[in-house]
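Hello,

Here is the structure I promised to pass on to you. Have a look at it first, and then read my notes below.

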Amino acid sequence: MAEAEAHRYKNQVVVITGGASGIGYGILKTFVEHGAKVVFCDIKEKDGLSAEASLNEMGPGQCKYIFCDVSNENQIKFVIDTAVETYGQLDCLINNAGTHPPHLPIDRFSAADFHQIMDINVFSFFSACKFALPHLRKTQGNIINNCSLVADIGQHHAVTYVSSKGAILSMTKALAIDEACHNVRVNSFSPSNIFTPMWEKAALASPDYDAAIKTGRDSQVLGRFGTLEEVGLVCLFLAADATFCTGININVSGGAELDYGKKSRLDSE
Ligand SMILES: NC(=O)c1ccc[n+]([C@@H]2O[C@H](COP(=O)([O-])OP(=O)(O)OC[C@H]3O[C@@H](n4cnc5c(N)ncnc54)[C@H](O)[C@@H]3O)[C@@H](O)[C@H]2O)c1
C-alpha cells in the first residue's frame, strides 16, 4: 500500500461502539490501518483487550479499549469523554454495537423484549450522538450509523429488530438536517449478510446450520457473504472521502435487495 493510501485517516480521532468483534472489529482494524486514533467500547472485555493489543502492535494508527454497555448513557458518555481527553478532539463517531434476538412472531415478544432491543440498538445511538456532537461540531466531523438492509426490506419473524433498524435509518436523516449548519455529516450504511459471531449464533440456533449458511450466502446476487474488510472500507469512504454526502444510506449488500425470488410466505407461519 502506498504511504498516502495507507494514511487516509491519519491522526483523526474516532469512537467505535461494539468494536471487539464482528463488523465493529472490521471497522476498527480498517481505521487503525489508515492511521486513525480510535477509542472503542464493548461488553466483551477479553476480546476488546486482545483487539487493542494486536492492533496497537500492527499500527500505524492506535486504539484504546473501554468496557461499556451502550444501553447505559453514563457509560457511553465516559467513552466519548475519554476519547476527547486522551486524543484532544473527536472527528468521527461510528455507532455499530447492536444485537439481534431469535426469530419469533410478534406474539412471542414481550414488552420487555421490545424495550431491551430499543435500548441497545437505538437509544445507544441517540446517546452517543448527543454526547459526541458538541465535539464533532468543533472539528466539523461526521457520524456513521450501522443500520441494516432489513430497515428497507423487512425480515421474517424479526419485528423488534427491524423496528430498531428503521429507527436508525430515520434518526440518521433527522440528525443530518439538524447538524448541517455545523457542517457535521451524518450517514448510515446497511449490511445484508456479513459473516460474524452474530450471524453464526443465528445459524447455530436454526434447525439446519449448513442450510442456514447456504441461504445466507445465496441471498446476495454476488453469491457470497460480505467481509469485515469490505464494510470497514465503506466506513472509511464515508468518513474520509464522502464530503458532499449527508443523510445517505449505503447498502453494503452484494445486491441482496435486487430481483424477484421466492418470497411467498403462504407455506410458513
Ligand atoms: N452481520 C450481519 O450480517 C449484519 C447485517 C446487518 C446489520 N448488522 C449490524 O451490524 C452491527 C454489528 O453486528 P455483528 O454482526 O458484527 O454482530 P456481533 O455480535 O458479531 O458484534 C456486535 C458487537 O457489539 C457488541 N455489543 C452487543 N451489545 C452491546 C452492548 N450492550 N454494549 C456494548 N457492546 C455491545 C458485542 O459484544 C459485539 O462485540 C449490529 O448493529 C447489527 O445489527 C449486521
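One definition to begin with: the radius of gyration is taken over C-alpha atoms, and the rule for a globule is 2.2 Å times the number of residues to the power 0.38. For 269 residues a compact globule would therefore come out near 18 Å, and the protein agrees, with 18 Å. Its C-alpha trace spans about 55 × 40 × 40 Å along the principal axes.

Please keep in mind that this is a predicted model: local features need pLDDT of at least 70 and side-chain atom pairs count only at pLDDT 80 or more, while totals for chains, interfaces and linings use all residues. Residues are numbered from 1 along each chain as its sequence is written.

The protein has ten helices and seven strands; these are DSSP runs numbered from the N terminus, with helices being H or I of at least four residues and strands E of at least two.

After α5 comes Q140, with a positive phi near 55°.

Happy exploring!
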